[in-house]
Structures are given as structure tokens and as C-alpha cells.
Amino acid sequence: MTTELAANELPKQYDHQSAEGRWYTFWKDRGYFHSEPDPKRKPFTIVIPPPNVTGALHLGHALNNTLQDVLIRWRRMQGYNALWMPGTDHAGIATQAVVERRLFEEEKKTRHDLGREALVARIWDWKKEYETRILGQLAQLGCSCDWERTRFTLDLQCARAVRHTFFGLFKANEIYRGKRLVNWDTFLQTAVSDDEVFHETVAGHFWHLRYPIIDPQPGEPQFVSIATTRPETMLGDTAVAVHPDPAKALDKAEADLKQKLADAGEKDKPAVQAQLDELAERRRTLLPHLEKLRDMARAGRKVKLPLVDREIPLVADEWAKPELGSGCVKITPAHDPNDYEVAKRQNLPMVNILNPEGTLNANAGPYQGLKMLPARERVVADLEAQGLLEQVEDREIELAHSDRSKTPIEPYLADQWFVRMTDLAQSAMDAVTDGRVQIVPARYARGYLDWLGEKRDWPVSRQLWWGHRIPIWYAPTASEADLKKAFAGRNDVVWARDPEQDQWLICAEEVDLAEDAVPGHKIRQEVDVLDTWFSSALWPHSTLGWPDQTPELKYYYPTNVLITSRDIITLWVARMVLTGLFNVGDVPFRDVYIHPKILDGFGEGMSKSKGNGVDPLDVIEKFGADSLRFSLAYLTTETQDVRMPVEFECPHCQALVEQTKKNRVQPRIECKKCGQPFATQWASKPADVALKRGAVVSERFELGRNFCNKLWNASRFALMNLEGYTPGAVTDAELAVEDRWILSRLSTVTDQVTQALATYRYGDAARLLYDFAWNEFCSFYVEMVKGRLQDAATRPTAQRVLASTLDALLRLLHPLIPFITEEVWQLLGQAAPERGLGQLEPATESIMIAAWPLADAARQDAEIEARFAHFQEVLKVLREVRSRQNIPPKSPLKFSVKCDPAAVALLKPMEPYFASMAGAEATAWGPQVQPPATSSSDVVSGCEVFVDLADYVDVAAEITRKTKELAKLAGAVAGKEKQLSNANFVERAPAEVIDKERAALAQLRELQASTEAAIKSLEATKE
Ligand SMILES: [Zn+2]
């Protein structure tokens, strides 16, 4: 493709909307994104963290995928055989929940009305639509994924990998089935993991109940008292616990409080003392009672559980806390994680009172069929009627909620499948501790190791229909001999005994088993599916063809780096490492780069549900994908999360309206500038919906937009000045001083950017390129070279250096801003098809396949870089003075510089440039320079620059400005003096810090003196 534009017809504005689609298609059609194994070349591989098919691209995705694309484009340009493996995740619970919710909203049907097959068919339709959408959005962002290899965690290849993994783990006895207390989501009717649960504080009560003692002896209490926030769960109680040594427990509580009293500040002491007094009182009144109950527990005494008339034992267990409440605690093993542990210790029965959909079952006796809350009301009323309700206290309680359905979680006893985490977790820990996997930044290794170190077995079953169905068949009636006979000669079938249900569990590696696979018996398949993370854990090897030893697996595995967010280090990264080691025998990636999170101006995570999420597609549409990418990379530093203040953009006048925690949840907002109202995402009333919608935006993206504009303008200037360009070598002697400077800077920056990318310092790479492109190439070099471009004698060399520098700059920028660099590359190709200063090279047909620039050490010239840095500073002063004093651009300035001889040597040769670039003529240089009577004085890097203002100055204004400066300086001097007179600081700070502070103070004092002198001399001219 060629862009038929003559240089002088170049549009003033870069049209990102037309360019992006055009170049993306161009790259894709030429097959640049595709990679094939090629043993002659070195691979560089990244697997994408597969986005959920439910979702749309959000800003977190935009950041995550920008960083991956930057890296993959860079490595591709370096000559690696680069593969970026794309795909999406079926996101079991999230996707099913969305489709079920929609089914109910639109058709008032539940999944049970549809049945398993029909529901799964609906979800596949949904998946097709959303997968296309989200992959299209990644393309809009510019992602150079190998789309021919796109995978889905539920496609045939990935499903086969899941089956083989489950089979392998089952065979190795690393998977088992057991009854465990799980977090039950009664809305979705599935277990959810601890990571899918959030806690919310709600107003609740503490109900104090009485359970009658059976046959109390003389001197024994009639009742035992307990307190609970959930009285309805008493229906599932199987014991009441009392501490086995209440006196010792109180001693310990007292010792803890005494320590606390000793550590407490004066303000807190009375409160701690009050607790101690209460404990003493408790010891006097309650301890004998608790010891009596403890003795009764040891004697095997029982209490009567009211309402259901069950006899339950008193037990002695340390879970009871003598320092709290009545000192006794009810034990409900099937509905409370702590009680579950007590029941295991004490060998208590576990009574489940809940149906999966959240109503009470037959174990709840007369309360069967009720939901939790109505059951609570009835239980409390009935206990009160029987005189067994002692009191009700108000209390704030922490209530667990399911992150998916947002409904309260019920702890629930259910049969689940687990992966043992003893050896597998250890293998994944070892991989990080011995450096086979490197986590960057290193601080994130701690969380990974701590979490794996707990070695909690991984619950992998979910009671869903959308997902990988567990490849297990139950054989309740068959004997092992039957199985041996049925599966003789097959190594793709294994079985194990289910110790809890007394039946055989059969696992089939690849092919499903028929109901009659065991002659004479009926076997049935497990209905549960696997946790989504079970399939995404295999992503780096399942996408490459495992369990087959494909050429891809051999060539690309282990991949080079995984780029992800810290939220899923445990859920995902850790599990990829352990399954990679178990299945393939090697780690899945060498590096894990954890990028920052994007927060709003209040430091809160962005999300649609908060109303503070910036939609990256809005930014792409308005500013272009390059602006979005550049801004995101620029903000990506190793140490901090990205803070991004968020605004609404008024759709009528484009004014920005600050987003506050209050207005971000309102359906309509009035623009402060034009006074017209606009709608937000919350609009639901017809009157609000009819309003134009105000987008959620952030000014941070203007940085990228402005940068792209600046680059476009400088490129446009260069292209318009390449008319008549002839390729040719340039000797060192032909180079002007600004050429030597820009080539030196280019070489230095190339080194620095390459280093930054190699160590995932994206923010540094972007900043280096921003400063170089903007401040040095666009603002300086292009301006300095103007004169030579007008002169026929110097024009060819100037053109060659300009074209060659622009060429290298575009390549350095390409990974960050691929579209605009391609657009300019193509135009440059027309104006200067062959480029280079020594060896001439034809431009590649696309910048995507051009080589990454190599730093040329021979061009690096520290002296010339120092000279220009100094020159730029002085020039900046001259320009500031001109603007401050309102001196017309055409009027020449006279200036002198007081500085040491070394600075003179650097700066004096630049006199012609001071003249051409600031219209300024130097009158004197050196240590002896005295300021003219009326002059400005500014200090930069040890040079005092005086501009003679005799003809221009507004003396009064200058005195005012200087006086203000003086006041600031006095403040700074006083601050430093105070710090240095602080004995504490001087004693504690390291010597070099103190020296630095003293030097800074001396410099401030010097500046103070020279400013005072300047004011005096100005005042003298006034008189
Ligand atoms: Zn407005």
C-alpha cells in the first residue's frame, strides 16, 4: 500500500481514525503477526492473560495489553521470532451468572426451566458474540497477536489438556473427593472460593439464648446460655462447648490486658483498665459456673436443643472463650468454619439444615421450607414464647457476600473435589526461590510464597453447567474385579475408592464412558464442572498443543514472560507454575512482570459499578490508540499504582466536570460551564435517558495526544524539507555541531531505552523517548537545522542527517505508538526511500519489520551533550526573560554570563545559535562579568545570566518579581537553617546527607545575596 501524498500536501493534523484501521489491516494481511517454529531463529513468546468472554475491554486490559504489545513489537524488531498467543477465558461462574441473569430478566426463566444442554447452548451463543467483540477491541488497541492461533479455554484443544491433567493428577493421587465446608452461593447454587468472597459490615443483633440442661443435679444450673448473630442456625447445633480450663484462659486474657495497659498511651489507659476490672468481676462471678459446666461436660452431660428437641452434648473445647459473653458457645459444624474444626476435633455429627437453593431442609423440623430470614423470625419468636430468649443486643457484624451474585454467603457442607497442595505447592515455591521463575518487581514474590506456603488444598469443583465437566464416573454397585474386567488392557482409565461414599470413582483420560461401560452395573458421570482457574492454569502449555509434543510446545515453551496484574498472582500465576511443572516438567515462563493498577483520583480502583471507569474505547475514538498506549506506558512505574483523576466531559460544550464520590453515582449532572444537564451511566428515568451522555474521561491522556501531535508536526516539517533528497554517505567532517549532538543523543537514548525495555521499566522508556523526541529532536534540532536546509551547499547533508535521525526515532517509538510511526514511516519512504549515514539501506515495507536501532558508541560524545544541555538551559532563560518583559521577537537582546572558564569553553562556541534561536547577542563571558545597571539575573547550573534591560525593563515590575523571589529564598534559608540546627537530625542523619544540606544552604545564601544586589541596582536606576 502506498499513501499517495506529495510532501507539500501533508495534512496539518494526523487523522488517527483513518490511519489505525488502514495500518492494522496492512500488518495483518502481510502476516507480520504470525509466527511459526523456526529452529534457526530465537523465539520470544508471551501468552496473553485471556480476558473473560463476558467482558468488554476496560482500562486495566488496555494497560495490560499495551505493555505486552510494546514488548512483543520490540523483540520482533530485535530479530526474535516473536509469538504473542491470544485467546479468551470461558470464565465459568461469571459468564453463567450473566447469562442466567439475562434469561431471568428477559424471559422470567431459570436455568432449570431450560435444562443443562439448552443453557449451555445459550452461553455458547453469548460467547461467540462477546469473543468477537473483545478480540476486536484488542485489535483496535493495536495488539499484534498471532490471531491464527487464537484459543479459548473451553475449545477442543484446551479441553483435551484439562482432561489429561485431571487424569494425571487423579492417577498420582493428587486429586480427591471429600465433604468440606464451602462458601455457598445460594443464588448461583455453587461453591465459590475464598477469593470470590467479600465482607461487608451490616447492622445486626446478638441474640442470647438458653438451652435447658437435661436432669440438672442439685447445685447445677438449669440452663446454659449462648449468644449468636444467626439464631436460625441453632437448628443445626450438635453441641455446646465450654473451655476445658477456664481459669487458665482468664489468666491469659488478664496477662494480655496488663501488657496492653503497659503499652497504652495515657488516653487509652482508662478503657483498658475498665476491661481489666470487668475481667476481675467475671472471674469472681462467672468462673465457678464455667468450671462446673466443664466438669459436667467431662461427665458426658447433655442439654436439650429447643424447638427441635434434640439432645446434644456439652463438650470441653478451647474454641469457647471464658472472657467473652456467657463463656459458652454453640457448635454448628455444617454452617460455620470454626465450628466445623471443633466438630472434627470432638468427633461431633454435622447436621446440614440447608437446601442448595437456600431454604431449610428436613433437618430443620417444623421450619422446613423456609428461607433463612423468615426462619430467623420464627425461631426467635418461638424461643421467646418458651422463655428461652434472654436478651437481644444491637451489634455490627461482618457478613460474607459472593462477589458474583452479591448475595450473602452460607457456609455449607458439601461434597467437593480438591487438588492436594503439599507437593505441587512446594514445587511452585521452589521454582521462584531458586530463580527459575523471576517475579518483577521482586517484592511480589513474598505474597506468592506465603500463599503457597499455606498449602491449602485447592477446591476445584463448581456446581455449574458452564465449564469442563469433571471426567469422573461413579460406580456405587460395582466391585474392583468388575472394573478390572471392564477396562482390561486400557491405560486411559483409572479408578480409586471414595472413602466417604463407599463407592468406586473412575476417571477416563480422553473418551467419555457410557452408562453401561461396566457390564451389569450402571455408572453415572459427575455433574460438577471444574473451577475456571483449573483450565487457565494450563494456558501456557495447553495453547501450544500439550499433551501432544507439538513443534510449538518444543519451540516456544517455556515462554519468556507473563505480564499480569497482582490480583491474580496466587489464583493464576502460582497455579500455572505448578501445573507446568507437573505436566511438562518445566516452568511456564522465565519472568513474571506485575504491572501497577489504575486508580482514580481518590485512590480507588476503577470499575463500572463505581461509575469511575474510563472506557478505553472512548479514548481511542477521541485521541487515538497511540495516545492511549503512550499515556499508559508513561504512567507505568515500578513503585506506584497509576493515579488517574477522572472527569466527566460535558457533551454540549466539552468542558470537564470534576468527578466526585457524590456526583459519580448520580443519573444526571449539570455542567458548570454551559449550565446544561447531561446523563451518566446511571440514567434510567426516560427524562434522564433522553439526555446526551457525558463520557468519563481523564486529562492524563492528553499527554499522549499532545506528544503524537508534536511528533506529527516535526515529521511534517522534516518531510516538507526533504524535497530533492539524495541518498549518500556523510563523513564526520561534514557534520555540523548540532548534527553531532543529535546523533550522540540518539545513540545514548537508544542505549537507555533498550535497557529500560529489557528490565520492564516502561515509564522510563516512554519518558526518555518523550524528552528526546519533544525537547531535543522536535523543539531543538528541527529548529537548528532550518537555516542549513535553506542553503544549497549545506542542504544535502542536513537532509540526510534529518532523514536518518527521524528514521531511528520512529523505530524507537514504534513499539509504543505503532500507528502514527507507520504512517510517518510510509511517507518518509516516499521522500527518502534509501537512508543511512554510512551504509545506505532501503526502507522496509513496514516499520513493524524494521530492525531495532543499535546504539553507535562511536557517535556518543559526552562533551557535546554537556554543551547542549547547558546551552538549552541558558537559551531557556533568554526566552523566559523575553516573554516576561514582553520584548517583541524582532528586538535583539544583549546578555552576559558570569561563569567559570570551563562553562565559557562549552557555551561560547554556541554564540551563533543564541543569535539564531533567541535573537540574543552575547557581550561578555567569564568569572569577572559584572551585571549591567539594569538587568535581569537568573542562575542556571552555576551560571549567572544577565540580560541587559536598559531599553525594555518595567523596573517596578521587575522589583516586585525579585522581591517575591527574595521572600521565597528567605523562607528556604530559614527552613534549612532550622533543620541543620536540629540536634536530633544532625546526630542521626548520615554525614553525606548533612554535607549535602550544608552545601545547599550555602548556595541558597549566595543566591539571596545576588538577588538583594539585583534589587538594589534596579532601585538605583529608578531614582
Ligand atoms: Zn457544558
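Trainee: Which residues touch the most other members of the largest nonpolar core?

Mentor: This is a predicted model. A nonpolar core is a set of buried nonpolar residues joined through side-chain atoms within 4.5 Å. Here the largest such core has 211 residues, and those touching the most other members are Phe166, Trp417, Tyr448, Phe871, Phe895 and Phe914. Helix 24 (residues 762-790) supplies the largest share of this core, 15 residues.

Trainee: Leaving aside neighbours within four places in sequence, which residues is tyrosine 448 in contact with?

Mentor: With those neighbours set aside, tyrosine 448 contacts Ala428, Met429, Val432, Ile439, Ile569, Val573, Ala574 and Val577. There is also a second, separate core of 40 residues, with Ala191, Ile213, Met234 and Val351 among them.

Trainee: Which atoms coordinate the zinc ion?

Mentor: The SG atoms of Cys650, Cys653, Cys671 and Cys674 coordinate the zinc ion, at 2.2 to 2.3 Å. Along the sequence, these donor residues follow the spacing C-x2-C-x17-C-x2-C. Cysteine 650 lies in the loop between strand 27 (647-649) and strand 28 (656-658), while cysteine 674 lies in the loop between strand 29 (668-670) and strand 30 (677-679); the pair, 24 residues apart, links distant parts of the chain.

Trainee: Why is the arrangement around the zinc ion tetrahedral?

Mentor: Four donors count as tetrahedral if all angles lie between 85 and 135 degrees. The four donor atoms around the zinc ion subtend angles of 105 to 115°, so the arrangement is tetrahedral.

Trainee: Is cysteine 650 buried or exposed?

Mentor: Buried means under 20% relative accessible area. Cysteine 650 has 0% relative accessibility and therefore counts as buried. Cysteine 674, with a relative accessible area of 32%, is partly exposed.

Definitions and conventions: Residues are numbered from 1 along each chain as its sequence is written. This is a predicted model: local features need pLDDT of at least 70, side-chain atom pairs count only at pLDDT 80 or more; totals for chains, interfaces and linings use all residues. Side-chain values use heavy atoms; hydrogens and water are left out. Donors are N, O and S atoms within 2.8 Å of the metal (3.2 Å for Na, K and Ca); water is not among the atoms, so sites may look incomplete. Four donors count as tetrahedral if all angles lie between 85 and 135 degrees; four count as square planar and six as octahedral if opposite donors are over 155 degrees apart and all others between 65 and 115; anything else is irregular. Helices (H or I, at least four residues) and strands (E, at least two) are DSSP runs, numbered from the N terminus. Buried means under 20% relative accessible area, exposed over 50%, partly exposed in between (1.4 Å probe, protein chains only). Contact means heavy atoms within 4.5 Å.
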